[in-house]
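Trainee: I have a model open and want to learn to read it. Can you take me through the features one at a time?

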Amino acid sequence: MTATLEPDYLVAVIGAGPGGICASVLLQDKGIDDFVILDQASDFGGSWRDNHYPGLGVDVPGFTYQYSFARNPGWTRMFPKGADVWEYHREVARRYGLYDHAQWGTRIVAEKWDDESGLWRLTTGDGREITARFVISAVGAYITAKDDPGIPGYQDFTGTILRPNDWDHDYDLTGKRVAVIGTGASSVQITPSIAPEVGALEVFQRTPVWALPKPDFALSPTVSRLMAGRIVGPPLSGIANLVIEAALRLVYQTPRPLFRWAAPRFDAISRALYRRYLRAVVRDEDAREKLMPGYGALGKRPTLSNSFLQAFNRDNVSLVTTPIDRIVDDGIVTADGEHHRFDAIVLATGYHLFSDPESYVEGAVVGRDGFDLGTFYNTEKLQAYQSVAVPKLPNRWMLVGPYSWIGTGWHELVEISSSHSVNVIAAALDRGETVAEVSQQAHDDYHAMIRRNDENIDYYFNTVNAGLRTYYVNSAGDMPYIRPTSLFGARRQSRNVDLDAYRFRAAPHPVPAPATRPRSAAATGK
(Lines give C-alpha, C1' and ligand atoms only; values in the text may rest on other atoms or scores of the structure.)
Protein backbone atom coordinates (compact mmCIF):
# COMPACT_ATOMS: atom_id res chain seq x y z
CA MET A 1 0.00 0.00 0.00
CA THR A 2 1.28 3.46 -0.84
CA ALA A 3 2.26 5.44 2.25
CA THR A 4 1.03 9.00 2.72
CA LEU A 5 3.15 11.73 4.27
CA GLU A 6 0.33 12.98 6.43
CA PRO A 7 -3.42 12.44 6.77
CA ASP A 8 -6.12 14.88 5.71
CA TYR A 9 -6.90 15.51 9.37
CA LEU A 10 -5.30 14.74 12.67
CA VAL A 11 -8.65 13.66 14.16
CA ALA A 12 -11.90 12.65 12.48
CA VAL A 13 -15.01 12.78 14.65
CA ILE A 14 -17.79 10.71 13.10
CA GLY A 15 -21.16 12.08 14.16
CA ALA A 16 -22.44 15.56 15.04
CA GLY A 17 -24.73 14.63 17.91
CA PRO A 18 -24.14 15.18 21.63
CA GLY A 19 -21.05 12.94 21.60
CA GLY A 20 -19.44 14.54 18.58
CA ILE A 21 -19.98 18.01 20.03
CA CYS A 22 -18.47 16.97 23.35
CA ALA A 23 -15.40 15.31 21.87
CA SER A 24 -14.74 18.31 19.64
CA VAL A 25 -14.89 20.75 22.54
CA LEU A 26 -12.50 18.60 24.59
CA LEU A 27 -10.10 18.40 21.64
CA GLN A 28 -10.01 22.18 21.61
CA ASP A 29 -9.40 22.19 25.35
CA LYS A 30 -6.23 20.21 24.64
CA GLY A 31 -5.16 22.67 21.96
CA ILE A 32 -6.00 20.26 19.14
CA ASP A 33 -7.70 22.18 16.35
CA ASP A 34 -6.88 19.93 13.39
CA PHE A 35 -10.09 17.92 13.41
CA VAL A 36 -13.12 17.40 11.21
CA ILE A 37 -16.67 16.50 12.21
CA LEU A 38 -18.28 14.18 9.67
CA ASP A 39 -22.04 13.72 9.55
CA GLN A 40 -24.49 12.50 6.92
CA ALA A 41 -27.01 15.22 7.77
CA SER A 42 -26.70 19.00 7.54
CA ASP A 43 -26.64 20.23 11.14
CA PHE A 44 -25.66 19.37 14.69
CA GLY A 45 -27.98 17.60 17.11
CA GLY A 46 -28.01 13.88 16.29
CA SER A 47 -31.24 12.23 17.43
CA TRP A 48 -32.67 15.62 18.42
CA ARG A 49 -32.15 16.80 14.86
CA ASP A 50 -33.52 13.63 13.28
CA ASN A 51 -36.55 13.08 15.52
CA HIS A 52 -39.28 15.71 15.47
CA TYR A 53 -42.50 13.88 16.21
CA PRO A 54 -45.42 15.32 18.22
CA GLY A 55 -44.76 15.40 21.97
CA LEU A 56 -41.00 14.84 21.68
CA GLY A 57 -39.10 15.64 24.86
CA VAL A 58 -36.51 14.31 27.28
CA ASP A 59 -37.47 11.91 30.05
CA VAL A 60 -34.92 13.21 32.57
CA PRO A 61 -34.71 16.70 34.15
CA GLY A 62 -32.96 19.30 32.03
CA PHE A 63 -30.28 19.95 34.65
CA THR A 64 -29.06 16.38 34.09
CA TYR A 65 -29.29 16.64 30.31
CA GLN A 66 -26.56 19.12 29.47
CA TYR A 67 -22.79 19.39 29.34
CA SER A 68 -20.95 20.30 32.53
CA PHE A 69 -19.03 22.90 30.50
CA ALA A 70 -22.17 24.43 28.94
CA ARG A 71 -25.00 24.52 31.47
CA ASN A 72 -28.15 25.89 29.89
CA PRO A 73 -29.81 28.87 31.61
CA GLY A 74 -32.60 28.81 29.04
CA TRP A 75 -34.58 25.65 29.80
CA THR A 76 -38.26 26.57 29.90
CA ARG A 77 -39.44 23.31 31.51
CA MET A 78 -38.08 20.88 34.05
CA PHE A 79 -38.24 18.23 31.30
CA PRO A 80 -37.31 20.14 28.11
CA LYS A 81 -39.11 19.69 24.81
CA GLY A 82 -37.34 18.29 21.77
CA ALA A 83 -37.05 21.56 19.83
CA ASP A 84 -35.39 23.24 22.84
CA VAL A 85 -32.96 20.36 23.25
CA TRP A 86 -31.98 20.51 19.58
CA GLU A 87 -31.45 24.26 19.76
CA TYR A 88 -29.32 23.83 22.90
CA HIS A 89 -26.92 21.56 21.02
CA ARG A 90 -26.78 23.89 18.05
CA GLU A 91 -26.04 26.82 20.36
CA VAL A 92 -23.17 24.92 22.01
CA ALA A 93 -21.78 24.09 18.57
CA ARG A 94 -21.96 27.75 17.58
CA ARG A 95 -20.40 28.91 20.84
CA TYR A 96 -17.35 26.69 20.33
CA GLY A 97 -16.96 27.37 16.63
CA LEU A 98 -17.73 23.80 15.60
CA TYR A 99 -19.58 24.70 12.42
CA ASP A 100 -16.20 25.64 10.95
CA HIS A 101 -15.08 22.02 11.45
CA ALA A 102 -18.19 20.29 10.10
CA GLN A 103 -18.37 18.45 6.80
CA TRP A 104 -22.04 17.81 6.10
CA GLY A 105 -23.59 15.25 3.78
CA THR A 106 -20.78 12.84 4.56
CA ARG A 107 -21.82 9.30 5.42
CA ILE A 108 -18.97 7.03 6.45
CA VAL A 109 -19.58 3.50 5.20
CA ALA A 110 -16.18 1.93 5.93
CA GLU A 111 -13.17 2.55 8.16
CA LYS A 112 -9.91 0.76 7.37
CA TRP A 113 -6.64 1.02 9.30
CA ASP A 114 -3.52 1.59 7.19
CA ASP A 115 -0.71 0.29 9.39
CA GLU A 116 2.02 1.37 7.00
CA SER A 117 0.96 4.99 7.19
CA GLY A 118 -0.42 4.79 10.71
CA LEU A 119 -3.80 6.28 9.84
CA TRP A 120 -7.43 5.49 9.16
CA ARG A 121 -8.85 5.51 5.65
CA LEU A 122 -12.52 6.43 5.76
CA THR A 123 -14.74 5.69 2.78
CA THR A 124 -17.80 7.86 2.23
CA GLY A 125 -21.11 6.86 0.73
CA ASP A 126 -20.26 8.65 -2.50
CA GLY A 127 -16.92 6.87 -2.84
CA ARG A 128 -14.55 9.54 -1.54
CA GLU A 129 -11.70 8.76 0.85
CA ILE A 130 -10.86 10.81 3.94
CA THR A 131 -7.76 10.01 5.99
CA ALA A 132 -7.23 10.76 9.67
CA ARG A 133 -4.59 9.78 12.20
CA PHE A 134 -7.16 9.32 14.98
CA VAL A 135 -10.87 8.46 14.78
CA ILE A 136 -13.53 9.12 17.39
CA SER A 137 -16.77 7.33 16.54
CA ALA A 138 -19.66 9.38 17.93
CA VAL A 139 -22.56 7.75 16.12
CA GLY A 140 -24.66 7.53 19.30
CA ALA A 141 -26.82 4.95 21.02
CA TYR A 142 -29.92 4.96 18.82
CA ILE A 143 -28.28 4.41 15.48
CA THR A 144 -31.28 4.32 13.14
CA ALA A 145 -35.00 3.77 13.47
CA LYS A 146 -36.08 0.34 12.29
CA ASP A 147 -37.38 0.67 8.73
CA ASP A 148 -38.86 -2.81 8.86
CA PRO A 149 -41.21 -3.22 11.84
CA GLY A 150 -41.06 -6.99 11.45
CA ILE A 151 -44.71 -7.18 10.39
CA PRO A 152 -45.62 -8.79 7.04
CA GLY A 153 -47.14 -6.48 4.47
CA TYR A 154 -46.11 -3.14 5.92
CA GLN A 155 -45.06 -1.96 2.46
CA ASP A 156 -48.51 -2.78 1.07
CA PHE A 157 -50.28 -0.08 3.07
CA THR A 158 -51.56 2.64 0.73
CA GLY A 159 -52.30 5.19 3.43
CA THR A 160 -49.72 7.37 5.20
CA ILE A 161 -46.87 5.82 7.19
CA LEU A 162 -45.52 8.05 9.96
CA ARG A 163 -42.27 7.37 11.80
CA PRO A 164 -40.71 9.12 14.81
CA ASN A 165 -37.64 10.08 12.75
CA ASP A 166 -39.55 10.87 9.55
CA TRP A 167 -42.72 12.61 10.68
CA ASP A 168 -44.73 14.32 7.95
CA HIS A 169 -45.89 17.53 9.60
CA ASP A 170 -47.82 18.49 6.46
CA TYR A 171 -50.13 15.51 6.90
CA ASP A 172 -53.35 16.63 8.58
CA LEU A 173 -54.42 14.16 11.26
CA THR A 174 -57.71 15.91 11.93
CA GLY A 175 -60.53 13.39 11.98
CA LYS A 176 -58.34 10.57 10.63
CA ARG A 177 -58.39 6.91 11.68
CA VAL A 178 -54.88 6.30 13.02
CA ALA A 179 -52.99 3.29 14.37
CA VAL A 180 -49.94 3.50 16.62
CA ILE A 181 -47.90 0.30 16.63
CA GLY A 182 -45.79 0.04 19.76
CA THR A 183 -45.91 1.32 23.33
CA GLY A 184 -42.29 2.29 23.89
CA ALA A 185 -40.87 5.72 24.71
CA SER A 186 -41.82 7.29 21.36
CA SER A 187 -45.38 5.98 21.48
CA VAL A 188 -45.81 7.21 25.05
CA GLN A 189 -45.14 10.74 23.77
CA ILE A 190 -46.90 10.50 20.40
CA THR A 191 -50.16 8.84 21.53
CA PRO A 192 -51.47 11.56 23.89
CA SER A 193 -50.18 14.31 21.60
CA ILE A 194 -52.24 13.27 18.58
CA ALA A 195 -55.26 11.81 20.40
CA PRO A 196 -57.19 15.13 20.58
CA GLU A 197 -56.80 15.66 16.80
CA VAL A 198 -57.66 12.30 15.32
CA GLY A 199 -61.07 10.83 14.75
CA ALA A 200 -60.12 7.40 16.10
CA LEU A 201 -56.86 6.12 17.52
CA GLU A 202 -55.99 2.46 18.10
CA VAL A 203 -52.77 1.65 19.97
CA PHE A 204 -51.39 -1.81 19.24
CA GLN A 205 -49.56 -3.14 22.26
CA ARG A 206 -47.34 -6.21 22.46
CA THR A 207 -45.95 -5.58 25.94
CA PRO A 208 -47.30 -3.03 28.45
CA VAL A 209 -44.97 -0.21 29.40
CA TRP A 210 -44.35 1.25 32.84
CA ALA A 211 -45.57 4.85 32.49
CA LEU A 212 -44.81 6.66 35.73
CA PRO A 213 -45.88 10.18 36.74
CA LYS A 214 -43.69 12.91 35.27
CA PRO A 215 -42.84 15.78 37.66
CA ASP A 216 -42.75 18.31 34.84
CA PHE A 217 -43.55 22.00 35.14
CA ALA A 218 -42.67 25.32 33.55
CA LEU A 219 -39.52 27.10 34.70
CA SER A 220 -39.30 30.84 35.05
CA PRO A 221 -36.21 32.49 33.55
CA THR A 222 -34.96 33.25 37.07
CA VAL A 223 -35.24 29.63 38.22
CA SER A 224 -33.65 28.34 35.03
CA ARG A 225 -30.69 30.70 35.43
CA LEU A 226 -30.28 29.64 39.07
CA MET A 227 -30.27 25.95 38.13
CA ALA A 228 -27.56 26.61 35.53
CA GLY A 229 -25.48 28.87 37.76
CA ARG A 230 -22.30 27.98 39.58
CA ILE A 231 -23.90 28.11 43.01
CA VAL A 232 -26.93 25.88 42.40
CA GLY A 233 -26.11 23.95 39.19
CA PRO A 234 -23.16 21.77 40.23
CA PRO A 235 -24.66 20.78 43.63
CA LEU A 236 -27.96 19.92 41.96
CA SER A 237 -26.22 17.67 39.44
CA GLY A 238 -24.07 16.27 42.23
CA ILE A 239 -27.10 15.20 44.24
CA ALA A 240 -28.57 13.47 41.19
CA ASN A 241 -25.28 11.68 40.59
CA LEU A 242 -25.07 10.58 44.22
CA VAL A 243 -28.49 8.97 43.90
CA ILE A 244 -27.41 7.21 40.70
CA GLU A 245 -24.14 6.09 42.30
CA ALA A 246 -26.01 4.61 45.25
CA ALA A 247 -28.44 2.78 42.97
CA LEU A 248 -25.65 1.37 40.81
CA ARG A 249 -23.71 0.12 43.79
CA LEU A 250 -26.84 -1.39 45.29
CA VAL A 251 -27.32 -3.41 42.09
CA TYR A 252 -23.84 -4.67 41.35
CA GLN A 253 -22.32 -4.78 44.86
CA THR A 254 -25.17 -6.47 46.71
CA PRO A 255 -24.10 -10.01 47.66
CA ARG A 256 -25.46 -12.46 45.11
CA PRO A 257 -27.69 -14.47 47.51
CA LEU A 258 -29.22 -11.31 48.94
CA PHE A 259 -29.86 -9.83 45.50
CA ARG A 260 -31.52 -13.05 44.31
CA TRP A 261 -33.82 -12.94 47.32
CA ALA A 262 -34.60 -9.22 47.00
CA ALA A 263 -35.02 -8.74 43.24
CA PRO A 264 -38.29 -10.67 42.74
CA ARG A 265 -39.73 -9.09 45.89
CA PHE A 266 -38.82 -5.63 44.64
CA ASP A 267 -40.65 -6.39 41.40
CA ALA A 268 -43.70 -7.75 43.21
CA ILE A 269 -43.98 -4.67 45.44
CA SER A 270 -43.47 -2.38 42.43
CA ARG A 271 -46.24 -4.12 40.49
CA ALA A 272 -48.63 -3.86 43.44
CA LEU A 273 -48.00 -0.13 43.73
CA TYR A 274 -48.33 0.37 39.98
CA ARG A 275 -51.64 -1.49 39.94
CA ARG A 276 -52.97 0.99 42.50
CA TYR A 277 -51.69 3.86 40.37
CA LEU A 278 -53.47 2.46 37.31
CA ARG A 279 -56.74 2.31 39.26
CA ALA A 280 -56.32 6.00 40.02
CA VAL A 281 -55.70 7.21 36.47
CA VAL A 282 -57.44 4.75 34.07
CA ARG A 283 -61.20 4.47 34.39
CA ASP A 284 -61.90 1.39 32.27
CA GLU A 285 -61.19 -1.88 34.08
CA ASP A 286 -60.41 -3.82 30.89
CA ALA A 287 -57.94 -1.17 29.75
CA ARG A 288 -56.29 -1.19 33.19
CA GLU A 289 -55.73 -4.92 33.02
CA LYS A 290 -54.24 -4.68 29.54
CA LEU A 291 -51.94 -1.82 30.61
CA MET A 292 -50.64 -3.70 33.65
CA PRO A 293 -47.07 -4.98 33.07
CA GLY A 294 -46.35 -8.58 33.97
CA TYR A 295 -42.64 -7.93 34.41
CA GLY A 296 -40.44 -5.95 36.78
CA ALA A 297 -40.21 -2.18 36.93
CA LEU A 298 -36.70 -2.16 35.47
CA GLY A 299 -37.17 -4.93 32.90
CA LYS A 300 -37.83 -2.46 30.10
CA ARG A 301 -37.05 1.22 29.90
CA PRO A 302 -39.55 2.92 32.25
CA THR A 303 -41.23 5.98 30.79
CA LEU A 304 -42.52 9.16 32.39
CA SER A 305 -45.83 10.65 31.29
CA ASN A 306 -48.82 12.42 32.79
CA SER A 307 -50.96 11.84 29.72
CA PHE A 308 -50.24 8.45 28.10
CA LEU A 309 -52.30 6.27 30.42
CA GLN A 310 -54.92 9.00 30.70
CA ALA A 311 -55.32 8.98 26.90
CA PHE A 312 -57.16 5.65 27.21
CA ASN A 313 -59.95 7.47 29.06
CA ARG A 314 -60.84 9.20 25.81
CA ASP A 315 -63.77 7.88 23.78
CA ASN A 316 -61.74 7.96 20.56
CA VAL A 317 -58.76 5.97 21.89
CA SER A 318 -58.65 2.18 22.25
CA LEU A 319 -55.99 -0.36 23.16
CA VAL A 320 -55.51 -3.49 21.03
CA THR A 321 -53.53 -6.38 22.50
CA THR A 322 -54.41 -9.07 19.96
CA PRO A 323 -51.21 -9.77 17.98
CA ILE A 324 -50.92 -8.26 14.52
CA ASP A 325 -51.04 -10.86 11.77
CA ARG A 326 -50.24 -8.56 8.85
CA ILE A 327 -50.59 -5.08 7.42
CA VAL A 328 -52.78 -4.79 4.33
CA ASP A 329 -53.44 -1.99 1.85
CA ASP A 330 -56.09 -0.29 3.97
CA GLY A 331 -55.11 -1.22 7.51
CA ILE A 332 -54.17 -4.01 9.89
CA VAL A 333 -55.43 -7.56 10.29
CA THR A 334 -54.99 -9.06 13.75
CA ALA A 335 -54.51 -12.73 14.62
CA ASP A 336 -58.22 -13.14 15.40
CA GLY A 337 -59.06 -12.15 11.81
CA GLU A 338 -60.40 -8.70 12.64
CA HIS A 339 -59.74 -6.08 9.97
CA HIS A 340 -58.86 -2.63 11.38
CA ARG A 341 -59.04 0.10 8.72
CA PHE A 342 -56.85 3.21 8.94
CA ASP A 343 -55.87 6.34 7.09
CA ALA A 344 -52.43 6.44 8.73
CA ILE A 345 -50.16 4.10 10.68
CA VAL A 346 -47.50 5.30 13.12
CA LEU A 347 -44.58 2.84 13.29
CA ALA A 348 -43.18 3.40 16.78
CA THR A 349 -41.34 0.09 16.69
CA GLY A 350 -37.90 0.98 17.99
CA TYR A 351 -34.33 1.56 16.88
CA HIS A 352 -31.18 -0.31 15.99
CA LEU A 353 -29.01 0.14 19.09
CA PHE A 354 -25.31 0.31 19.86
CA SER A 355 -25.79 -2.72 22.12
CA ASP A 356 -27.02 -4.99 19.30
CA PRO A 357 -24.28 -7.08 17.66
CA GLU A 358 -26.26 -6.85 14.40
CA SER A 359 -25.55 -3.09 14.33
CA TYR A 360 -21.89 -3.88 13.59
CA VAL A 361 -21.58 -4.94 9.97
CA GLU A 362 -18.76 -7.08 8.64
CA GLY A 363 -16.29 -4.98 6.65
CA ALA A 364 -17.40 -1.65 8.10
CA VAL A 365 -14.48 -1.32 10.55
CA VAL A 366 -11.26 -3.23 9.78
CA GLY A 367 -8.20 -2.74 11.93
CA ARG A 368 -4.70 -4.09 12.29
CA ASP A 369 -3.93 -7.51 10.76
CA GLY A 370 -7.37 -7.64 9.14
CA PHE A 371 -9.25 -7.54 12.45
CA ASP A 372 -12.94 -7.00 11.64
CA LEU A 373 -15.05 -5.38 14.38
CA GLY A 374 -18.31 -6.65 12.91
CA THR A 375 -17.09 -10.24 12.78
CA PHE A 376 -15.63 -9.96 16.28
CA TYR A 377 -18.80 -8.59 17.88
CA ASN A 378 -21.06 -11.07 16.14
CA THR A 379 -18.94 -14.06 17.19
CA GLU A 380 -17.25 -13.05 20.47
CA LYS A 381 -19.95 -10.72 21.87
CA LEU A 382 -19.70 -7.01 22.59
CA GLN A 383 -16.77 -5.79 24.68
CA ALA A 384 -14.41 -2.82 24.88
CA TYR A 385 -11.85 -1.44 27.30
CA GLN A 386 -13.56 1.26 29.39
CA SER A 387 -16.38 0.98 26.82
CA VAL A 388 -14.30 2.90 24.26
CA ALA A 389 -11.29 0.97 22.90
CA VAL A 390 -10.74 -2.44 21.30
CA PRO A 391 -7.38 -4.16 20.68
CA LYS A 392 -6.25 -4.22 17.04
CA LEU A 393 -8.16 -0.99 16.37
CA PRO A 394 -5.36 1.53 16.95
CA ASN A 395 -6.18 5.21 17.28
CA ARG A 396 -9.92 4.57 17.41
CA TRP A 397 -12.44 5.12 20.18
CA MET A 398 -16.22 4.75 20.53
CA LEU A 399 -18.11 7.29 22.61
CA VAL A 400 -21.11 5.00 23.09
CA GLY A 401 -19.63 1.53 23.19
CA PRO A 402 -20.42 -1.75 24.95
CA TYR A 403 -21.33 -1.43 28.64
CA SER A 404 -21.32 2.36 28.54
CA TRP A 405 -24.64 3.67 29.91
CA ILE A 406 -24.09 4.36 33.57
CA GLY A 407 -27.55 5.46 34.66
CA THR A 408 -27.04 9.16 34.02
CA GLY A 409 -28.07 11.51 31.26
CA TRP A 410 -26.24 10.89 27.99
CA HIS A 411 -24.11 13.99 28.41
CA GLU A 412 -22.37 12.58 31.46
CA LEU A 413 -21.73 9.39 29.49
CA VAL A 414 -20.19 11.13 26.48
CA GLU A 415 -18.12 13.42 28.69
CA ILE A 416 -16.63 10.32 30.33
CA SER A 417 -15.89 8.55 27.05
CA SER A 418 -14.74 11.71 25.25
CA SER A 419 -12.39 12.60 28.09
CA HIS A 420 -10.79 9.15 27.92
CA SER A 421 -10.39 9.30 24.13
CA VAL A 422 -9.02 12.83 23.96
CA ASN A 423 -6.64 12.28 26.88
CA VAL A 424 -5.07 9.29 25.13
CA ILE A 425 -4.73 11.27 21.88
CA ALA A 426 -3.08 14.13 23.77
CA ALA A 427 -0.74 11.70 25.56
CA ALA A 428 0.36 10.19 22.25
CA LEU A 429 1.10 13.62 20.83
CA ASP A 430 2.93 14.72 23.98
CA ARG A 431 5.12 11.62 23.75
CA GLY A 432 5.86 12.22 20.10
CA GLU A 433 4.13 8.95 19.26
CA THR A 434 1.43 8.70 16.64
CA VAL A 435 -0.16 5.31 17.30
CA ALA A 436 -1.98 4.34 20.51
CA GLU A 437 -3.57 0.92 20.94
CA VAL A 438 -5.10 -0.62 24.04
CA SER A 439 -3.32 -3.81 25.04
CA GLN A 440 -5.04 -7.16 24.86
CA GLN A 441 -4.27 -7.83 28.53
CA ALA A 442 -5.77 -4.55 29.76
CA HIS A 443 -8.85 -5.12 27.62
CA ASP A 444 -9.35 -8.71 28.79
CA ASP A 445 -8.85 -7.83 32.47
CA TYR A 446 -11.36 -5.01 32.21
CA HIS A 447 -13.97 -7.13 30.45
CA ALA A 448 -13.55 -9.90 33.04
CA MET A 449 -14.32 -7.32 35.73
CA ILE A 450 -17.39 -6.16 33.80
CA ARG A 451 -18.72 -9.71 33.58
CA ARG A 452 -18.20 -10.25 37.31
CA ASN A 453 -20.03 -7.04 38.15
CA ASP A 454 -22.74 -7.94 35.66
CA GLU A 455 -23.90 -11.09 37.48
CA ASN A 456 -26.77 -9.46 39.38
CA ILE A 457 -27.95 -7.60 36.29
CA ASP A 458 -27.83 -10.84 34.30
CA TYR A 459 -29.89 -12.58 36.99
CA TYR A 460 -32.49 -9.83 37.00
CA PHE A 461 -33.05 -9.88 33.25
CA ASN A 462 -32.44 -13.53 32.36
CA THR A 463 -33.96 -15.19 35.44
CA VAL A 464 -36.34 -12.86 37.28
CA ASN A 465 -37.66 -11.43 34.00
CA ALA A 466 -36.75 -14.32 31.70
CA GLY A 467 -38.19 -14.17 28.19
CA LEU A 468 -38.99 -10.47 28.29
CA ARG A 469 -38.36 -8.64 25.01
CA THR A 470 -36.28 -5.67 26.09
CA TYR A 471 -33.50 -3.72 24.42
CA TYR A 472 -31.45 -4.07 27.59
CA VAL A 473 -30.89 -7.71 26.53
CA ASN A 474 -29.45 -8.24 23.07
CA SER A 475 -29.68 -11.23 20.74
CA ALA A 476 -26.68 -12.86 22.45
CA GLY A 477 -28.45 -12.75 25.81
CA ASP A 478 -26.05 -10.11 27.16
CA MET A 479 -26.72 -6.69 28.67
CA PRO A 480 -24.04 -4.48 27.07
CA TYR A 481 -26.32 -1.45 27.31
CA ILE A 482 -25.56 -1.02 31.03
CA ARG A 483 -22.17 -0.29 32.60
CA PRO A 484 -21.98 -2.10 35.97
CA THR A 485 -19.36 0.13 37.58
CA SER A 486 -19.15 3.18 39.79
CA LEU A 487 -20.15 6.44 38.10
CA PHE A 488 -17.55 8.38 40.06
CA GLY A 489 -14.94 5.73 39.33
CA ALA A 490 -15.66 5.90 35.60
CA ARG A 491 -15.31 9.66 35.71
CA ARG A 492 -11.97 9.47 37.54
CA GLN A 493 -10.62 6.84 35.15
CA SER A 494 -11.51 8.99 32.14
CA ARG A 495 -9.79 12.06 33.54
CA ASN A 496 -6.74 10.15 34.73
CA VAL A 497 -6.40 7.48 32.08
CA ASP A 498 -4.18 4.52 32.93
CA LEU A 499 -1.77 5.03 30.06
CA ASP A 500 -0.03 1.76 30.91
CA ALA A 501 -3.08 0.09 29.39
CA TYR A 502 -2.02 1.46 26.00
CA ARG A 503 0.90 0.66 23.71
CA PHE A 504 2.34 3.75 22.03
CA ARG A 505 4.55 3.75 18.97
CA ALA A 506 5.52 6.00 16.10
CA ALA A 507 4.07 5.65 12.61
CA PRO A 508 6.49 5.45 9.67
CA HIS A 509 5.43 8.96 8.64
CA PRO A 510 5.02 11.21 11.71
CA VAL A 511 2.02 13.49 11.86
CA PRO A 512 2.69 17.23 12.11
CA ALA A 513 2.24 18.91 15.49
CA PRO A 514 -1.40 19.86 16.09
CA ALA A 515 -2.54 23.37 15.34
CA THR A 516 -3.52 25.48 18.32
CA ARG A 517 -5.63 28.52 18.86
CA PRO A 518 -6.55 30.55 21.95
CA ARG A 519 -9.50 29.28 23.95
CA SER A 520 -11.30 32.60 23.54
CA ALA A 521 -11.17 32.27 19.75
CA ALA A 522 -12.62 28.77 19.91
CA ALA A 523 -15.47 29.98 22.06
CA THR A 524 -16.61 32.91 19.93
CA GLY A 525 -18.81 30.80 17.63
CA LYS A 526 -19.94 31.77 14.18
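This is a predicted model: local features need pLDDT of at least 70, side-chain atom pairs count only at pLDDT 80 or more; totals for chains, interfaces and linings use all residues.

Mentor: Start with the whole chain.

Trainee: How many helices and strands are there in the protein chain?

Mentor: The protein chain has 15 helices and 22 strands. Its radius of gyration is 24 Å, close to the 24 Å that the globule rule gives for 526 residues, so the chain is as compact as a globular protein of that length. The C-alpha trace spans about 70 × 55 × 55 Å along its principal axes.

Trainee: What share of the residues is buried?

Mentor: Buried residues make up 55% of the 526. The accessible surface of the chain is about 22,400 Å², and carbon and sulfur atoms hold 52% of that area. Take contacts between residues at least 6 apart in sequence: 73% of them join residues at least 24 apart.

Trainee: Now single residues. Is Ser186 buried or exposed?

Mentor: Check the relative accessible area against the cut-off: buried means under 20%. Ser186 has 12%, so it counts as buried. Ser186 sits in helix H4, residues 185–194. Leaving out residues up to four places away in sequence, Ser186 touches Tyr53, Pro164, Ala348 and Tyr351.

Trainee: And which residues is Thr303 in contact with?

Mentor: Beyond its neighbours within four places in sequence, Thr303 contacts Ala185, Val188, Val209, Trp210, Ala211 and Leu212. Thr303 belongs to strand S12, residues 303–304. Thr303 is buried, at 4% relative accessible area.

Trainee: Where is Arg495 found?

Mentor: Arg495 is in helix H14, residues 487–495. Arg495 is exposed, with 54% relative accessible area.

Trainee: On to charges. How many salt bridges does the structure hold?

Mentor: The general idea comes before the count. Side chains of opposite charge can pair when their charged atoms come close. This structure holds 25 salt bridges. One of them joins Glu412 and Arg491, at 3.0 Å from N to O. Glu412 lies in helix H11 and Arg491 in helix H14, so the pair ties together parts 79 residues apart in sequence. Glu412 is buried at 18% relative accessibility. Arg491 is buried as well, at 18%.

Trainee: Which residues are linked in a network of salt bridges?

Mentor: Asp43, Glu87, Arg90 and Arg94 form that network. Within it, the closest N and O atoms of Arg94 and Glu87 are 2.4 Å apart. Arg94 is partly exposed, at 28%. Glu87 is partly exposed too, at 31%.

Trainee: How far apart are the closest N and O atoms of Arg128 and Asp126?

Mentor: They are 3.2 Å apart, in a salt bridge. Arg128 is partly exposed at 34% relative accessibility, while Asp126 is exposed at 54%.

Trainee: Last, the surface. Which residues make the nonpolar patch?

Mentor: Leu226, Ile231 and Val232 make a nonpolar surface patch of about 300 Å². Leu226 is placed in helix H5, residues 221–228.

Technical notes:
Residues are numbered from 1 along each chain as its sequence is written. Side-chain values use heavy atoms; hydrogens and water are left out. Patches are made of residues with over 30% relative accessible area and no salt bridge: like charges are joined within 9 Å, nonpolar side chains (Val, Leu, Ile, Met, Phe, Trp, Tyr) within 5 Å. Accessible areas come from the Shrake-Rupley method with a 1.4 Å probe; for residues, only the protein chains shown count as cover. A salt bridge is a side-chain nitrogen of Lys or Arg within 4 Å of a carboxyl oxygen of Asp or Glu. Helices (H or I, at least four residues) and strands (E, at least two) are DSSP runs, numbered from the N terminus. Buried means under 20% relative accessible area, exposed over 50%, partly exposed in between (1.4 Å probe, protein chains only). The radius of gyration is taken over C-alpha atoms; the globule rule is 2.2 Å times the number of residues to the power 0.38. Contact means heavy atoms within 4.5 Å.
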